[in-house]
Amino acid sequence: MAEEGLRIAETVQNPFSLILACRGASMVSLRQGQLQRAIPMLERALGLCQDWHMPLFVPELAAALGLAYALEGRVAAGLVLMEQGLEQEVARGIPGFLAPLVVLLSQVYLLAGRLEDAHQRAAQALDLARQYQQRGNQAWALWLLGESTARQASPEGEPAADHYRQALTLADELGMRPLVAHCHRGLGTLYAAAGQREQARTELSTAIALYRDMEMTFWLQPTEAALAQVEGR
């Protein structure tokens with residue numbers, strides 16, 4: 001659907017439609033971890049916003065591009081874009097739009113190894129999402145609380161697992177399959193660290209099946225490696 005929208009927008013050559021189409025297609029690729037496709041489309045959409053003086057989508061696009069850069073390994077550049085996008089959104093004074101950007105910033109902090117900042121931003125995103133009844137953003141924030149807790153030097157296993165399970169329940173209810181996969185991977189990683197091999201095998205295998213089905217190749221290989229380690233291969 002995203003590719004079809006992009007083809008139509010290319011034919012019509014309407015800047016607003018083209019920005020929306022690039023935004024939609026890039027978000028699908030970003031969810032899949034196909035960075036070589038997501039990054040050029042996000043950069044194009046941002047360029048169109050600047051060329052045509054359309055600031056409406058700039059904070060969201062900058063934040064998404066920041067995450068893509070960070071996933072690619074350009075963490076410092078990603079943080080700069082991410083923080084700029086959030087500052088612009090804050091300046092608008094519409095707090096109901098902040099939760100998804102704070103979610104993305106928490107993810108970038110995780111990639112930067114700034115676990116405490118990631119945890120604080122995830123908690124902030126959860127508060128905002130609950131305040132404005134954004135259940136999808138609640139699910140992402142809960143997953144990030146699990147991730148940031150689990151990765152600390154002395155993680156509290158049960159609280160991290162609780163965050164993952166809450167995120168999983170909500171994501172499953174809302175049909176958020178990429179997030180469902182991430183939650184199973186998180187739980188599997190926790191179980192593996194605790195020596196609970198059967199539970200780890202079940203969770204990681206579920207995540208792998210979902211990643212394959214959705215062509216989320218970026219996360220597939222490391223999850224397969226984690227499962228192989230659990231199985232002693």
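Arg 135 is partly exposed, because its relative accessibility of 36% falls between the limits used for burial (buried, under 20% relative accessible area; exposed, over 50%; partly exposed, in between; 1.4 Å probe, protein chains only). The structure is a predicted model, in which local features need pLDDT of at least 70 and side-chain atom pairs count only at pLDDT 80 or more, while totals for chains, interfaces and linings use all residues. Residues are numbered from 1 along each chain as its sequence is written, and side-chain values use heavy atoms, with hydrogens and water left out.

The side chain of Arg 135 meets that of Glu 173 in a salt bridge, with an N to O distance of 2.9 Å; the term denotes a side-chain nitrogen of Lys or Arg within 4 Å of a carboxyl oxygen of Asp or Glu. Arg 135 belongs to helix H8 and Glu 173 to helix H9 (residues 157–174), so the pair ties together parts that are 38 residues apart in sequence. Helices are DSSP runs of H or I with at least four residues, numbered from the N terminus. Glu 173 is exposed, with a relative accessible area of 55%.

By the same rule, the count comes to 14 salt bridges. One of them joins Arg 212 and Glu 224, whose closest N and O atoms are 2.8 Å apart. Since Arg 212 lies in helix H11 (residues 197–213) and Glu 224 in helix H12 (residues 217–230), this pair ties together parts that are twelve residues apart in sequence. Arg 212 counts as exposed at 51% relative accessibility, and Glu 224 is partly exposed with a relative accessible area of 27%.

A further salt bridge links Arg 165 with Asp 162, with 3.5 Å between the closest N and O atoms. Both residues lie in helix H9, three residues apart, about one turn of the helix. An α-helix has 3.6 residues a turn, so residues three or four places apart point the same way. Arg 165 is partly exposed at a relative accessible area of 32%, and Asp 162 is likewise partly exposed, at 33%.

Helix H6 (residues 99–111) has 13 residues, and its end C-alpha atoms are 19 Å apart, which agrees with the 18 Å it should span at 1.5 Å a residue; the expected span is 1.5 Å times one less than the number of residues. Eleven of the 13 residues are buried, so H6 is largely enclosed by the rest of the structure. Among the buried residues are Leu 101, Val 103, Leu 104, Gln 107 and Tyr 109. Their cover includes helices H4 (58–72), H5 (75–92), H7 (115–131) and H8 (135–150), contact being defined as heavy atoms within 4.5 Å. Gly 113, which follows H6, has a positive phi, near 80°.

Helix H5 has 18 residues and reaches 26 Å from its first C-alpha to its last, close to the expected 26 Å. Its buried residues are Val 75, Gly 78, Leu 79, Leu 81, Met 82, Gly 85, Leu 86 and Glu 89, and these pack against H4, H6 and H7. The helix is followed by Gly 93, whose phi is positive, near 75°.

Pockets were identified on a 1 Å grid over the protein atoms alone, as open sets of points with protein on both sides within 12 Å along at least five of seven lines; lining residues have an atom within 4 Å of a point. The largest pocket holds about 330 Å³ of space, a volume being the space filled by probe spheres set on the points, which are joined across faces, edges and corners. Its lining comprises 17 residues, of which Leu 71, Gln 107, Trp 143, Arg 185 and Trp 219 lie nearest the centre. Two or more lining residues come from each of H2 (15–32), H4, H6, H8, H10 (177–193) and H12. By class, the lining has eleven nonpolar, two polar and four charged residues, where Ala, Val, Leu, Ile, Met, Phe, Trp, Tyr, Cys and Pro count as nonpolar, Asp, Glu, Lys and Arg as charged, and the others, Gly among them, as polar.

The second largest pocket holds about 260 Å³ of space. Residues lining this pocket include Met 27, Arg 31, Glu 60, Gln 107, Asn 137 and Trp 140. H2, H4, H6 and H8 each supply at least two lining residues, and the largest share, five residues, comes from H6. This lining divides into eight nonpolar, two polar and two charged residues.

Conventions
1 Å grid on protein atoms, 1.4 Å probe; cavity = no way out; pocket = protein on both sides within 12 Å on 5 of 7 lines; lining within 4 Å.
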